[in-house]
Amino acid sequence: MKIKHLIYIRRISQVLFLLFFLFLLIETRLPKDFFIDYSLEVSRQQDLRLEIPVTFFFDIDPLVWLSALLSSQKWISGTGWALAIIGLTLFLGRFFCGFICPFGTLHHAIGAVRPSTKGSEHVSRNEKIPAHKIKYAIFLLVMVSALFGLNLAGIMDPISFLFRFLAVSIMPAINIGIKEVFDAMAASDFKILSLLSYTAEILVSPILGFGYPAYQTGFFIGLVGLVILFLNRIRPRFWCRILCPLGAMFGLISYFSPLRLERNENRCTGCNKCMKHCQGAASPKPDIVWENSECVRCFNCQGVCPENALTFKFKWHGSNKPAPDIGRRAVLISLGTGVAFPFLSRLDGQIHHSTDARLIRPPGSLPEDQFLELCQRCGMCMKVCPTNAIQPSFGEAGIAGFWTPVLNMTIGYCEYSCTLCTSICPTGAIELLSGKDKRERPVRIGSSFVDRGKCLPWTANGPCIVCEEVCPTSPKAIVFQEGDVIGFKKEPIRLKQPYVNLQQCIGCGICENKCPVKGVPAIRVISSGESRSPKNQILLFS
Amino acid sequence: MNSHHFPISRRHFLKLAGGAAIYSLAPASFSANAKEDGRGFIAEGFSSKDPCDVVALTRKLFEVSGGMSKFISKGDVVVIKPNISWARAPHLAATTNPEVLETVVVLCQEAGAKKVRIADHTIYEARNCFAVTGAAQIAQKTGADLVYPLSSLMKDMNLHGRRLEVWPVFIPFVEADKVINLPIAKVHSISGLTLGMKNWIGAVGGRRSALHQDIHQSIVDLARFFKPTLTLIDAIRIMIANGPSGGSPTDVAVANRLILSNDPVAADAMACSLFKIQPSDIGHIQLAQKWGLGTTDFSQLNRYQVML
């Protein structure tokens, strides 16, 4: 095979995998044309499930597998793929970065289509710099941290990063921009415009999200992502070369790869073309030391060399030199911080003392310590949640749980019959539940309490009882009793006042969501009573 | 559906005219659909078999009432308003019976309707509701449109109600040629029962949770705005406890009954008997009669019955 063809294949593979990633990202949602056969409902348990393997990229991601294995000593289902990728990397080197990684492809495209520099300046940007060590330090930090029970992999894992960046920030932001146009059109008196707005919404919402989801810290997630994309202006594939812990993992494995760049110094004229097109800053030029661990297998150097001085070849004898440039000091620092982080992060007392009242995890979530061992903060549950209740946490889960999923009942609520988030969590931090499990165990995510200082019937402001109406359990967790209150003209009024039966309440939060008092509703859910934590119980028995 | 074209809002006019005293005289001027062909009608279908043949019962009921083509003309856009507010399986009786819904869709199509749409602004999340209640499957099977409560379909309109003025309205109901109200009969904690007129809360957007603060007047305001061609109350299974959401088979009773009328008040009033409640005990039925939306006196209507 000619090298030109290999480069074409690489490009096609990159584009296809990026499109596949975007497709799965978009498909991570409850579609509208979805139904279950109602005539079978009584005889057969049916739950809403996505039929497409949306976790594919997480399944093939060895960083997800290894960090989860170290932290929880659990073998996540589906990660056989990750081992296959590791096996191939042993053989081919960092081909994942060059051929598969959708985030790498984005960086590649931004850096290559319109480079910020030209000529010798561009060559110097593609030289290896000591900062390349950083990614190994990050990788080690993540692994050591994971070993001590805090899984930070997802913060910088490229798959989690890209998913979160697009699902929780970029797509909803575009959606909101479009919404404002739609709203203006729908409000117009020209029928054709309002009709168009409806048609457009029908076309756009399956792609960008139904009901215009909103996410707290979405601005920050977007900003970080955009800065990282911008870094390609400073150095092409800045992320892949300097920051990516998955790239570092592959770099370490590449040390054993027999696929090496064979260089003919006699033929080299020093034109620097290879340096100009090198994606990994792996020093392909014959007179400097080529770094197997930095090479992302883009095969550009071989393709552009006018003298055919560079060829990739399998060499089964001898070892790679040099070893990955990790740096002893960086290793020590990352070992130290990796040990320190898990324990420092527990200083907020979330695990050993009391849990934040706002820390309401999705149904099926593991106990908090195990949850933090597994959660990748990828945002899949946030994306798939049909009511937009699941949010990236800001302070609710402490520093350790930054960007992990929490439920915000003023934005959404946990739909009683829905168990979608439990079915797509790539690491099982949210355990798979059937609708029957969720209903019958029951799975509590918190408990609801009436704030009598705000509640309309309790404050003599009139009848309401919306919370009781929408309460999904049977018998209802929210009941009312008629009570006499004194009205504002001193007249006695008899009103139905809500009470919460904690033995029934599952903390779904629809009462809080539908309460006419907005902002800080008159009935609110706190995490207390959640079934995942034996410590966080209220009642002696239930 | 002309009430939103008044040059001066009725409420405004009444304020000028001296308010509440004149207000109570107003009902006579509101003519309900029920009187259009002289006398309205009310038809009851009942099956003594259990499980009953819902499709046959629904078809028979329309037959004795003169057939669907009496109400639906060729080329009509028909919008059906089931109650599918809750993501509950049909046997839990929180939502309109899918077999009734499907039969009505098919009957409309047979009568020559150009388009049949199923629309509801649900309380639980709409995709879950439509998928679980069977509505999505029916739409797929019959080719009816499923209209989701998208924000671009909510349009501010003046309802000219006593309590509700400008309010976002779910547009398909306004733009339809014919509207069929297809609720299920259930108990309700604050309005007593939820039948036909209460079902219109699912046809508006906005701050619906505030409607409970004056539920009966709100229902009547909405029932004055949305005047369906037909009301068909599904009482095949009815909810007798934990209403309106239920969730357990023990909340359900089997009544095997359907009530069809072009008088929204009469339909609701007749459904009261299923729960052994007097229509006079339900605030919004009383109020609706007072406002002239229909009658609770069945002797003013042609009555039909079907037994199966």
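In which hand of crossing does H9(B) pass H10(B)? Start with that helix pair, then set it in its chain and in the rest of the model.

Author: The crossing is left-handed where H9(B) passes H10(B). Keep in mind that this is a predicted model.

First, the geometry of the pair. Helix H9 of chain B covers residues 264-272, and helix H10 of chain B covers residues 283-290. The two pack at an angle of about 150 degrees. Their axes are 10 Å apart. Angles over 145 degrees count as roughly antiparallel. H9(B) is therefore roughly antiparallel to H10(B).

Next, the residues that touch. H9(B) brings B:Val265, B:Asp268 and B:Ala269 to the contact. H10(B) answers with B:Ile285, B:Ala288 and B:Gln289. By class, four of these residues are nonpolar, one is polar and one is charged.

Now step to the strands of chain B. Strand E11 of chain B spans residues 252-261. E11(B) pairs with E10(B) in the antiparallel sense, over eight bridges. One bridge can be named: B:Asp234 has B:Leu258 of E11(B) as its partner.

A residue counts as buried if 20 or more other C-beta atoms lie within 10 Å of its own.

Strand E7 of chain B, residues 178-182, pairs with E10(B) in the parallel sense. Two bridges hold that pairing. Here B:Ile180 stands opposite B:Leu230 of E10(B). Strand E8 of chain B, residues 184-188, also runs parallel to E10(B) and is joined to it by two bridges. In this pairing, B:Lys186 has B:Met239 of E10(B) as its bridge partner.

Chain B has 10 helices and 12 strands. It counts 308 residues, and buried ones make up 58% of them. Take the contacts in chain B between residues at least 6 apart in sequence: 76% join residues at least 24 apart.

On the chain B side, 36 residues are in contact with 42 residues of chain A. Two elements of chain B give two or more residues to this side: helix H5 (126-133) and helix H6 (135-142). H5(B) gives the most, with four residues. By class, the chain B side has 15 nonpolar, 16 polar and five charged residues.

Chain A has 23 helices and eight strands. Its C-alpha atoms fill a box of roughly 100 × 60 × 50 Å, taken along the principal axes. Buried residues make up 51% of the 542 residues in chain A. Of the contacts in chain A with a separation of 6 or more, 75% come from residues 24 or more positions apart.

Helix H1 of chain A, residues 3-27, packs with helix H6 of chain A, residues 102-113. The angle is about 120 degrees, and the axes are 9 Å apart. That angle makes H1(A) oblique to H6(A). The crossing of H1(A) and H6(A) is left-handed. From H1(A), the contact uses A:Gln14, A:Phe17, A:Leu18 and A:Phe21. From H6(A), it uses A:Pro102, A:Thr105 and A:His108. By class, this contact has four nonpolar, three polar and no charged residues.

Another helix of chain A shows burial. Helix H14 of chain A, residues 245-254, is mostly covered. Nine of its 10 residues are buried. Among them are A:Pro245, A:Leu246, A:Met249, A:Phe250 and A:Ile253. The buried set of H14(A) also includes A:Gly247, A:Gly251 and A:Ser254.

Last, a hairpin. Strand E6 of chain A, residues 478-486, and strand E7 of chain A, residues 492-500, run antiparallel. Nine bridges join them. One of the bridges pairs A:Gln481 with A:Gln497 of E7(A). Five residues lie between E6(A) and E7(A) in the hairpin. In the turn, A:Lys490 has a positive phi of about 65 degrees.

Note on methods: Residues are numbered from 1 along each chain as its sequence is written. Chains are lettered from A and ligands numbered from 1 in the order in which they are written. This is a predicted model: local features need pLDDT of at least 70, side-chain atom pairs count only at pLDDT 80 or more; totals for chains, interfaces and linings use all residues. Axes are lines fitted to C-alpha atoms, for helices over the stretch in contact, and angles run from 0 to 180 degrees between N-to-C directions. Angles under 35 degrees count as roughly parallel, over 145 as roughly antiparallel, 65 to 115 as roughly perpendicular and the rest as oblique. A crossing is left-handed if the near helix is turned anticlockwise from the far one by less than a right angle, and right-handed if clockwise. Two residues are in contact if their C-beta atoms, placed from the backbone, lie within 7 Å. Ala, Val, Leu, Ile, Met, Phe, Trp, Tyr, Cys and Pro count as nonpolar, Asp, Glu, Lys and Arg as charged, and the others, Gly among them, as polar. Two strands pair if DSSP finds at least two bridges between them. A residue is buried if 20 or more other C-beta atoms lie within 10 Å of its own, exposed if 12 or fewer, and partly exposed in between; C-beta atoms are placed from the backbone.
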